[in-house]
Amino acid sequence: MSDRSWTTRLLILAPYLWLVALFLVPFLIVFKISLSQTALAQPPYLPVFDVSAGLSGAVDFLGGLSADNYRLLGSDTIYIFSYLKSLQIAAVSTAIMLVIGYPVAYGMSRARRAWQPLLVMLIILPFWTSFLIRIYAWINILQRDGLLNQVLMALGIIDEPVAWLASDTAIYIGIVYSYLPFMVLPLYAALEKIDYTLLEAAADLGCPRWKSFWLVTFPLSFPGIAAGFLLCFIPIVGEFVAPDLLGGSETLMIGQTLWTEFFSNKDWPAASAIAVVLLTLLLAPILFYERLQQRALTENR
Amino acid sequence: MKRGLSTFNVVAVALGLAFLYLPITILMLYSFNASHLVTVWGGWSLQWYGELLHDQALLEAAWVSLRIGLISATAATILGTLGALALRNKRFRGRLLFSGMVYAPLVMPEVITGLSLLLLFVAVGIDRGFWTIALAHTTLTMCFVTVIVQSRLLTVDRSLEEAAVDLGCPPWKTLLTVTLPLIAPAIVAGWMLAFSLSLDDLVIASFTTGPGATTLPLRIYSEARLGVKPEINAICTIVVAVVALATVAASLAAKRTSLEDEHERDALAAQV
């Protein structure tokens with residue numbers, strides 16, 4: 001196909017312009033508003049850029065911008081704790097998922113070829129069903145007179161019902177449960193690609209199985225570990241639904257703090273500043289993830 | 001080395017699947033509970049499904065979600081497929097930026113995407129509601145479509161298209177009669193993923209919604225905050241069942257096409 005034809009250009013242009021207008025430009029607006037002040041107005045921030053006022057309008061506009069919102073984020077420990085708590089929950093739950101997900105992915109990759117598509121589908125299926133519904137299902141189970149307490153009491157493990165909800169434990173359970181497929185699938189993809197003649201060679205040369213796993217299989221699965229880690233860690237840092245429905249109200253994750261600033265306090269500039277800082281924190285992992293994706297695509301060919 | 005499952009592998013996979021499926025199964029089970037108390041089993045009953053039919057607000061929300069899903073999934077599939085075709089071009093101005101914009105939304109925290117889209121809609125002065133949610137969902141889900149279609153395109157043999165062009169077929173006709181049929185399973189899968197993501201989204205819809213546009217997740221969320229209700233169990237069961245059936249049907253269809261591919265490959269291999 002000739003790359004110069006106008007049809008090709010049009011093909012590229014439509015999705016390109018769409019993403020520039022609805023993905024890139026909005027971030028610039030978020031950045032701009034993070035430098036504004038809240039106001040009792042519609043929209044609730046100042047200054048508003050007035051194109052009709054011309055050059056003097058632009059000067060007024062630039063003079064009205066300030067870094068006050070960022071100073072607020074730095075001075076109030078609520079925000080700092082919120083960021084730290086989000087990073088902690090994301091790191092710990094990603095680590096838990098790696099420990100749970102690795103044996104599952106490994107088992108899948110060693111199953112009979114004919115079974116593997118079925119197993120992959122079984123892992124993907126929960127990921128297609130609503131995130132919200134999967135979190136909601138856990139409220140059912142974790143509440144005070146819920147199934148978990150009933151089972152534990154029937155087994156005699158606990159005497160009193162445990163308050164599972166409104167705790168960090170509940171957040172971890174909800175997040176690990178909903179993101180697990182995102183961890184298992186990249187791990188499986190990496191493990192499934194491993195050339196098993198390498199392991200045969202190791203076995204022929206007298207290498208014990210645990211050792212060949214540690215020296216051959218595990219290092220070869222690093223791309224899968226990296227992809228699974230990033231695919232889970234990045235969105236979990238900004239997670240809202242799981243901590244909001246399952247967690248307590250003492251310390252909020254940053255997604256909830258942003259939500260509260262926006263919806264309860266109607267402080268759009270502060271919410272924007274929170275988003276800008278969050279994005280800055282996540283920029284390095286996001287760029288790393290993109291490079292990984294690019295490399296995976298070129299390798300597949 | 002022999003393939004097949006050792007005890008350890010069987011247990012790992014079985015426990016993993018049990019963890020993934022048990023909570024949803026329990027939720028579905030309790031939607032058939034006759035008891036008013038959500039935690040006490042009182043025998044089988046369909047009464048909560050009956051009550052759904054009288055819950056006007058919930059039905060309204062389901063209808064809104066369905067329409068937004070259909071519209072945004074279709075728009076996202078067209079844009080996303082075009083995006084994947086564009087990315088096949090190895091060099092064009094701004095390719096790096098374009099692929100960056102395609103991959104970033106896949107991992108971007110939803111609160112950031114939602115907030116930024118809302119501020120855009122306010123800045124350009126669009127009234128928020130049904131159409132702003134549809135625009136937001138199209139933007140998010142088209143990136144998923146691009147990724148799915150792009151990975152399928154990598155498996156397409158370019159010589160087929162080159163042959164068509166060599167024989168005088170114009171590029172647009174090559175695209176329609178050669179390329180698109182080859183990537184059709186991925187396009188269908190992309191549409192379905194876009195639809196189910198749209199049906200699922202709470203956070204982005206919360207930011208971009210306006211008066212009169214309450215989607216099903218928004219409705220379920222406001223109920224779920226007040227605790228578990230049997231009617232919500234019932235509507236969740238319906239949503240899960242519909243999405244699961246559609247997914248299984250689509251992947252069976254895709255599997256049949258890939259099996260045919262495999263047969264052809266085996267036949268070829270036998271000849272060599």
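This briefing covers the contact between chain A and chain B and several salt bridges. The model is predicted. About 8900 Å² is buried between chain B and chain A, with carbon and sulfur atoms giving 78% of that area. The structure holds 6 salt bridges over all chains, and the count between chain B and chain A is 1.

**Interface of chain B and chain A**
- Chain B contributes 93 residues to the contact and chain A contributes 96 residues.
- Across this interface, 10 residue pairs are in polar contact, both residues being at pLDDT 80 or more.
- Helix 1 (residues 7-30) of chain B supplies 14 residues, the largest share of the side of chain B that touches chain A.
- That side of chain B divides into 64 nonpolar, 20 polar and 9 charged residues.

**Salt bridge between the chains**
- Arg225(B) and Asp244(A) form a salt bridge, with the closest N and O atoms 3.8 Å apart.
- Arg225(B) sits in the loop between helix 10 (216-224) and helix 11 (230-271) of chain B, while Asp244(A) sits in helix 12 (residues 241-246) of chain A.
- Asp244(A) has a relative accessible area of 18% and is buried.

**Salt bridges within chain B**
- Glu161(B) and Arg88(B) meet in a salt bridge at 2.7 Å, N to O.
- This pair links distant parts of the chain, 73 residues apart: Glu161(B) is in helix 7 (residues 158-166) and Arg88(B) is in helix 3 (residues 56-88).
- Glu161(B) is buried at 5% relative accessibility, and Arg88(B) is buried at 15%.
- Glu223(B) forms a salt bridge with Arg219(B), at 3.1 Å between the closest N and O atoms.
- Both Glu223(B) and Arg219(B) lie in helix 10 of chain B, 4 residues or about one turn of the helix apart.
- Glu223(B) is buried at 10% relative accessibility, whereas Arg219(B) is partly exposed at 23%.

Methods: Residues are numbered from 1 along each chain as its sequence is written. Chains are lettered from A and ligands numbered from 1 in the order in which they are written. This is a predicted model: local features need pLDDT of at least 70, side-chain atom pairs count only at pLDDT 80 or more; totals for chains, interfaces and linings use all residues. Side-chain values use heavy atoms; hydrogens and water are left out. Contact means heavy atoms within 4.5 Å. Buried area is the accessible area (1.4 Å probe) that two parts lose on being put together, summed over both. A salt bridge is a side-chain nitrogen of Lys or Arg within 4 Å of a carboxyl oxygen of Asp or Glu. A polar contact is a pair of N or O atoms within 3.5 Å; within protein, one must be able to donate a hydrogen and the other to accept it, and residues adjacent in sequence count only if both atoms are side-chain atoms. Helices (H or I, at least four residues) and strands (E, at least two) are DSSP runs, numbered from the N terminus. Ala, Val, Leu, Ile, Met, Phe, Trp, Tyr, Cys and Pro count as nonpolar, Asp, Glu, Lys and Arg as charged, and the others, Gly among them, as polar. Buried means under 20% relative accessible area, exposed over 50%, partly exposed in between (1.4 Å probe, protein chains only).
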